[in-house]
Amino acid sequence: MPIARLKPKTTAPREEIVIARQMHQALVLHFLEGLTQAQIADQLGISHATVNRLIKRGRQLGLVEIKIKSPVEPLVDMEERLLALGGISRAVVVPTVSDNPQTALQAVGEAAARLLIEEIADGDTICITGGKGVSAVVAGLQPGRRFDVEVIPATGCVQGKHYTDVNHVSTLMAERLGGRSYQIHAPLFADNAEQRAMLMAMRSVADVFQRAREAKVAVVGIGSILSSDSTYYDLHPSSSTDRMAIEHAGASSELLAHLLDGAGELCDYSLNRSLVSLTLEEFASIPTKIGVASGLNKAGSILSVLRGNHLDTLVTDEATGARILEIASEEGHQA
């Protein structure tokens, strides 16, 4: 009668344990301690080919999980949360590396400058406002070549501080990019709506604004209104005496010198009707509109502009972005 025989195992249990231990050692030495396969072979007293097989088999069995953490992961998350608020299709948030507002604005300006260079091509027209934010963009421009572009004011001009003078800022931007700028020979504020209409009808002024309407890209600042350091009063100093009327109008932000309420709608305020500027409807037709702003005092103003759907892109810093989200959350809980 034939005797049944068990087939011998190709690998004894003890040998399996030895191989498993070697596999674990090889994976730890290679992926955690950074040793080469040759160094592991010497340390474990096995061949280079065996080490290679152990590492390969360990990965096939799912014993190795590689996770790469991005240093900008928190910023990407914040950008997505800002997008979720609505009103923009792109958010760029830079780290807040200093409590100094000028340092933060410089970083925001440099990020917006890189974005602008990615957006433009020869033959394009860029329209801009004055302001500290746009001036920071100009300071951050480092193009790798000359761009045959036109830089056009989107508003009338304010004499005084260099950053409020849109002619000065547009000239500097054109010089940095290698293009040419156009000057606006009209004040930002007319005395009344009738004078505004007269100024806008002047050939030299009308030509500039027609070029601005046809721009491919706009770069604009976002102004705060009721904070102590608001630059709106640099644009029209006499408006500081009318602060009660501004508050009564519900002003929350400034865009192209237009005062907007918390929902991003035009305020019923007299100076809005005498602005020598692109209208917000004309501004909306520009394909790419980049808003640049930094500072905790501007968070509410930025949120107002987002709610009005006036921009495509927001460039800000981490601390400002966090404050925007905080205000939106607080208001959401109150609603």
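Ala257 lies in the loop between strand 6 and strand 7, where helices (H or I, at least four residues) and strands (E, at least two) are DSSP runs numbered from the N terminus. The model is a predicted one, in which local features need pLDDT of at least 70 and side-chain atom pairs count only at pLDDT 80 or more, while totals for chains, interfaces and linings use all residues. Residues are numbered from 1 along each chain as its sequence is written, and side-chain values use heavy atoms, with hydrogens and water left out.

Although Ala257 is not a glycine, its phi is positive, at about 70°. Leu256 lies in that loop too, between strand 6 (253–255) and strand 7 (258–260), and its phi is likewise positive in a residue other than glycine, near 50°. As background, most residues other than glycine have a negative phi. Ala257 counts as buried at 2% relative accessibility, and Leu256 is buried with a relative accessible area of 2%; buried here means under 20% relative accessible area, exposed means over 50%, and partly exposed lies in between, with a 1.4 Å probe and protein chains only.

Turning to the overall fold, the secondary structure of the protein chain comes to 14 helices and nine strands. Seven strands form an open sheet with parallel pairing, in the order 1-9-8-5-2-3-4, and two strands are taken to pair if DSSP finds at least two bridges between them. The edges of this sheet are strand 1 (90–94) and strand 4 (180–181), each of which pairs on one side only.

Within the sheet, strand 8 (residues 288–292) pairs with strand 9 (residues 313–317) in the parallel sense over three bridges, and the bridge partner of Gly291 in strand 9 is Leu314. Strand 5 and strand 8 also run parallel, joined by five bridges; Gly221 stands opposite Val292 in strand 8, and Val292 in turn stands opposite Val315 in strand 9. From strand 8 the chain crosses through helix 13 (residues 299–307) to strand 9 in a right-handed β-α-β crossover, a term that applies if, with the strands pointing away from the viewer, the path from the first strand over the helix to the second runs clockwise.

How are the two faces of strand 8 covered? In a regular strand the side chains alternate between the two faces of the sheet. Thr288, Ile290 and Val292 on one side, and Lys289 and Gly291 on the other, are all buried, and in total five of the five residues of strand 8 are buried.

Helix 5 (residues 101–119) lies across strand 1, strand 2 (125–128), strand 5 (217–221), strand 8 and strand 9, and runs at about 150° to strand 9; axes are lines fitted to C-alpha atoms, for helices over the stretch in contact, and angles run from 0 to 180 degrees between N-to-C directions. Helix 9 (residues 203–213) packs on the sheet as well, touching strand 2 and strand 3 (150–153), and its direction makes about 115° with that of strand 3.

Thr125 has its place in strand 2 and counts as buried at 13% relative accessibility. Leaving aside neighbours within four places in sequence, Thr125 is in contact (heavy atoms within 4.5 Å) with Glu150, Ile152, Arg211, Ala215, Lys216 and Val217. Under the corresponding exclusion, the contacts of Ile128 include Val151, Ile152, Pro153, Met173 and Val219.

A nonpolar core is a set of buried Ala, Val, Leu, Ile, Met, Phe, Trp, Tyr and Cys residues joined through side-chain atoms within 4.5 Å. The largest such core has 71 residues, and those with the most contacts inside it are Ile126, Cys127, Ile128, Met173 and Val219. Helix 5 supplies the largest share of this core, seven residues. Apart from this core lies another, of 13 residues, among them Ile246, Ala251, Ala257 and Cys267, which brings the reader back to the loop residue Ala257.

Cys267 is buried, with a relative accessible area of 6%, and Cys157 counts as buried at 10% relative accessibility. A search of the whole structure finds zero disulfides, a disulfide being a pair of cysteine sulfur atoms within 2.5 Å.

For the protein chain as a whole, buried residues make up 47% of the 335 residues. Of the contacts with a separation of 6 or more, residues 24 or more positions apart account for 68%.
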